[in-house]
Amino acid sequence: VQLQAFGGGLVQAGGSLRLSCAASGNILKVDAWNWYRQAPGKQRELVEGVSSSGGTNYADSVKGRFTISRDNDLITIYLQMNSLKPEDTAVYYCNARILTVTRFRLHRWGRGTQVTVSS
């Protein structure tokens, strides 16, 4: 079971980027998805999360600007980031709580993808 994240890059302040993350392997269900980020010299922080029921939670710093969504298959998620600010610059990581076909519950992290917002 692994996660792959895509979509980082360099953008000017006020611009938009869309990140995606796909899970693959012997997956029965993804219980929860989260996006985290880690800026240089700072701790990793939760940006947004979505549960299997569709409930979401957001960091105050991104409310109204970032939106998390899922494909119907529930094993691909997206993070639409609008009105980006220089302080959004960080490495972004996807994280999932997964139930495998053999009924093991796993936590997996994707490789980070760099988002750089220039002023």
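**Strands, core and disulfide of the predicted model**

Strands E3 and E8 run antiparallel to each other and pair over six bridges. Within this pairing, Arg18 has Gln80 of E8 as its bridge partner. The structure is a predicted model, and the values below are computed from it. The pair E3 and E8 belongs to an open sheet of four strands, ordered E1-E3-E8-E7, with antiparallel pairing. E1 and E7 are the edge strands of this sheet, each pairing on one side only. From one strand to the next, the twist averages 15°. In a regular strand, side chains alternate between the two faces of the sheet.

A further antiparallel pairing links E9 to strand E10, which covers residues 105-109, over five bridges. Here the bridge partner of Arg97 is His107 in E10. The two strands E9 and E10 form a hairpin, with four residues between them. In the turn of this hairpin, Arg103 has a positive phi of about 70°.

The largest nonpolar core has 29 residues. The members that touch the most other members are Leu3, Trp33, Trp35, Phe66, Leu79, Met81 and Tyr92. Two or more residues of this core come from each of strands E1 (2-6), E3 (17-24), E4 (27-38), E5 (45-51), E7 (66-70), E8 (76-81), E9 (90-100) and E11 (113-118). The most is given by E9, which supplies five residues.

Leu3 illustrates how parts of the chain meet in this region. Apart from neighbours within four places in sequence, Leu3 is in contact with Cys21, Ala22, Ala23, Trp33, Cys94, Asn95, Ala96, Ile98, Arg108, Trp109, Gly110 and Arg111. Two of the residues in contact with Leu3, Cys21 and Cys94, are also joined to each other by a disulfide, with an S to S distance of 2.0 Å. The structure holds one disulfide. The cysteines of this pair come from distant parts of the chain, with Cys21 in strand E3 and Cys94 in strand E9, 73 residues apart. The angle about the S-S bond is 55°, and the link is right-handed. Cys21 and Cys94 are both buried.

Phe66, another of the core residues named above, lies in strand E7. The relative accessibility of Phe66 is 2%, so this residue counts as buried, the cut-off for buried being under 20%. When neighbours within four places in sequence are left aside, the residues in contact with Phe66 are Arg37, Val47, Glu48, Tyr58, Leu79, Gln80, Met81, Asn82, Leu84, Asp88 and Tyr92. Among these, Glu48 is 18 residues from Phe66 in sequence, and the C-alpha atoms of the two are 8.2 Å apart in space.

Ser61 is found in the loop between strand E6 (56-58) and E7. Because its relative accessibility is 39%, Ser61 counts as partly exposed, a class that lies between 20% and 50%. The side chain of Ser61 makes a polar contact of 3.4 Å with the side chain of Arg37, a residue that is also in contact with Phe66. Ser61 and Val47 are 14 residues apart along the chain, and 8.3 Å separates their C-alpha atoms. Val47, like Arg37, is listed among the contacts of Phe66.

Methods: Residues are numbered from 1 along each chain as its sequence is written. This is a predicted model: local features need pLDDT of at least 70, side-chain atom pairs count only at pLDDT 80 or more; totals for chains, interfaces and linings use all residues. Side-chain values use heavy atoms; hydrogens and water are left out. A nonpolar core is a set of buried Ala, Val, Leu, Ile, Met, Phe, Trp, Tyr and Cys residues joined through side-chain atoms within 4.5 Å. Buried means under 20% relative accessible area, exposed over 50%, partly exposed in between (1.4 Å probe, protein chains only). Contact means heavy atoms within 4.5 Å. A disulfide is a pair of cysteine sulfur atoms within 2.5 Å. Two strands pair if DSSP finds at least two bridges between them. Axes are lines fitted to C-alpha atoms, for helices over the stretch in contact, and angles run from 0 to 180 degrees between N-to-C directions. A polar contact is a pair of N or O atoms within 3.5 Å; within protein, one must be able to donate a hydrogen and the other to accept it, and residues adjacent in sequence count only if both atoms are side-chain atoms.
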